[in-house]
Amino acid sequence: MTEPDASAVSPLPVASESPFTPVPAPVIPPAPRDALPLLVTALLALLALALTHRADGTPGLNILLIAAALTASVVAALRARQTRLRPAALALLGLGLACALGLSVRGGDLMNFLNLLGLLVAFGLGSAYLHFPGLSRLSVAEVLVAGIVSAGRGLSGFPTSLGRVPWSRFRGGAVQRQQGGRVLIGLLFTLPVLLVFGALLGAADERFGHLLSRLFTWDIGDLPTLLFQFGFWLFLLGGPVYAALLARRAMPELGSVSSPPQLGLIELGMPLLSLSLLFSAYLAVQASSFFGNGLAPGLTYAGAVQRGFGELTAVAALTLVLLLLLHALLRRELRTGLAYRSISAAVLLPLALLIVSAYQKLSLYVSAYGLSEIRVLGAVFLAWVSVSLLAFAFLGWLGRLERFAYFSLISGLSLIAGLNLVNPGRLIASVNVGRSLQQNADGRSGQQASFYHLLSLGADAVPVIAANLSHLTGPQASANASLSDSFPPTPQHARQLLRERFATGAPDWRSWNLARARARTLVLALGN
């Protein structure tokens, strides 16, 4: 029997790779199920509730302890899983802890706002990329998207962690190694039951309420506030815990986005060179007054700054945005060329002189009207923009502009942390009081330092107020003077206002703050 010819055997049909064959979607791993994130969130929320409930409402040591506990818990959990931690994210968390430390050191509204902002930004992004790569190479747009996603996780993190708990493991018939987890879950359910029914029964019978009060202070009127605060901390802390321990990616896939049009040097060089000429023309006009350090006839100091510093700060910030946008639109092969670098330098060099002019105008205004929180904030913002412009020039020259967003973020958080060392409240008070004393010594008339304005700066300004109380007060002022009065208070009324602000009630260690503790000591030493 002869073997059949191989050529005569019909081959099996092979599927041809047609260009219209759909590409299979990438396989997304199933959502992990773990009770640890919910347990960590609940314990942290209980800690936060214990450190903030019935406190005096001002941030202090309690926020630092909560931030440290959050950092330690997620880092310990990831190390227990033998997960590699990313240095870029750890640097952000470190700066966030520095901002939390600032809340327990500084006592002014400005620094409280900046430290809280830095703390939220650092922990929102740092926790999301704690074990995911790519943070240091995010673009500016991706950093903004990541910030929005982090804010959204503040609402969805805790419910998602609750839904990812493997509840089936805690049903009957579980093995012995699951008993500990079952007990912990039982405790989480037991606590709200005891809180609600204990408060109701304690309010229904005085004797039973007195019995319970030996362990806890049960107050049915305080129960809604207690539950609201506990829920607030569950959601606020659940976001970073979910991002660090349970999320499958740092931020969700945004889908395929069509690449922006790639333009050349002619299209993008024309606006940049025109902007460089515009900056040069402005500097030529300002040269006669040494970068704006003189005043045109009929123009006041306030008018000069209002028409100078604010606008020049906006020019610097918008120029940075424009440079980043045009860099993204430029063809990739042209971004490291000498022509593009020369055009960028033609914009950045005169812009540097404009920034010097802006600080000259601010110095002029401070010498005439003193320092304030809004002026300090403007100066810090312009400093951040200036550092970002330097980073754009340096990284762009090296061809590593993909690291710009992370460097700008780190520099902004570092400025906030460093501002705690500068102590803006005391700086403002010292500048204004020193300027007022110098005017009196020279026999010049001018705007004097106001006790009420210095008092509004918070505890940071109290050492300067206490040392110069005789200069800030007057012999004749109404005892009913308010913070809006233009006349200085009497020494007795000034000491009364200081006691009401910084020395009333017993201090609570949970909201302890270094500036407020020092202010309390100084105010009590002033006497009546």
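Which residues does Leu130 touch, not counting residues up to four places away in sequence? Leu130 touches Val74, Val75, Leu78, Arg84, Leu85, Arg86, Ala89, Leu90, Leu93 and Ala244, where contact means heavy atoms within 4.5 Å.

Before going further, here is how to read the values. This is a predicted model, in which local features need pLDDT of at least 70 and side-chain atom pairs count only at pLDDT 80 or more, while totals for chains, interfaces and linings use all residues. Residues are numbered from 1 along each chain as its sequence is written, and side-chain values use heavy atoms, with hydrogens and water left out.

## The whole protein

The protein has 20 helices and zero strands. Both are DSSP runs, numbered from the N terminus: helices are H or I with at least four residues, and strands are E with at least two. Of the 528 residues, 42% are buried. Buried means under 20% relative accessible area, exposed means over 50%, and partly exposed lies in between (1.4 Å probe, protein chains only).

Take the contacts between residues at least 6 apart in sequence: 80% of them join residues at least 24 apart.

## The nonpolar core

Leu130 from the opening question returns here. The largest nonpolar core has 119 residues, and Tyr129, Leu130 and Phe451 are those with the most contacts inside it. Such a core is a set of buried Ala, Val, Leu, Ile, Met, Phe, Trp, Tyr and Cys residues joined through side-chain atoms within 4.5 Å. Helix α12 (residues 338-369) gives the most to this core, with ten residues.

## Salt bridges

How many salt bridges does the structure hold? There are four, each a side-chain nitrogen of Lys or Arg within 4 Å of a carboxyl oxygen of Asp or Glu.

| Asp460 | Arg106 | 3.3 Å |

Asp460 and Arg106 meet in a salt bridge. This pair links distant parts of the chain, 354 residues apart: Asp460 is in the loop between α16 (451-456) and α17 (462-467), and Arg106 is in the loop between α3 (87-103) and α4 (109-128). Asp460 counts as buried because its relative accessibility is 3%, and Arg106 is buried too, with a relative accessible area of 10%.

Glu402 is partly exposed at 32%, and Arg137 is partly exposed at 45%.

His493, Ala494, Arg495, Leu497, Leu498 and Phe502 are buried in α19. The buried residues of this helix pack against α16, α17, α18 (469-472) and α20 (514-526).

Ser276 lies in helix α9 (residues 265-286) and is buried, with a relative accessible area of 9%. Not counting residues up to four places away in sequence, Ser276 touches Ala346, Val347 and Pro350.

Ser73 is found in helix α2 (residues 61-80). Leaving aside neighbours within four places in sequence, Ser73 is in contact with Val40 and Leu44. Ser73 and Val241 are 168 residues apart in sequence and 8.8 Å apart in space, C-alpha to C-alpha.

## Two positive phi values

Most residues other than glycine have a negative phi. Gln82 has a positive phi, near 60°. Gln82 is in the loop between α2 and α3 and counts as exposed at 75% relative accessibility. Asn423 also has a positive phi, of about 65°. Asn423 lies in the loop between α14 and α15 (424-442) and is buried, with a relative accessible area of 11%.
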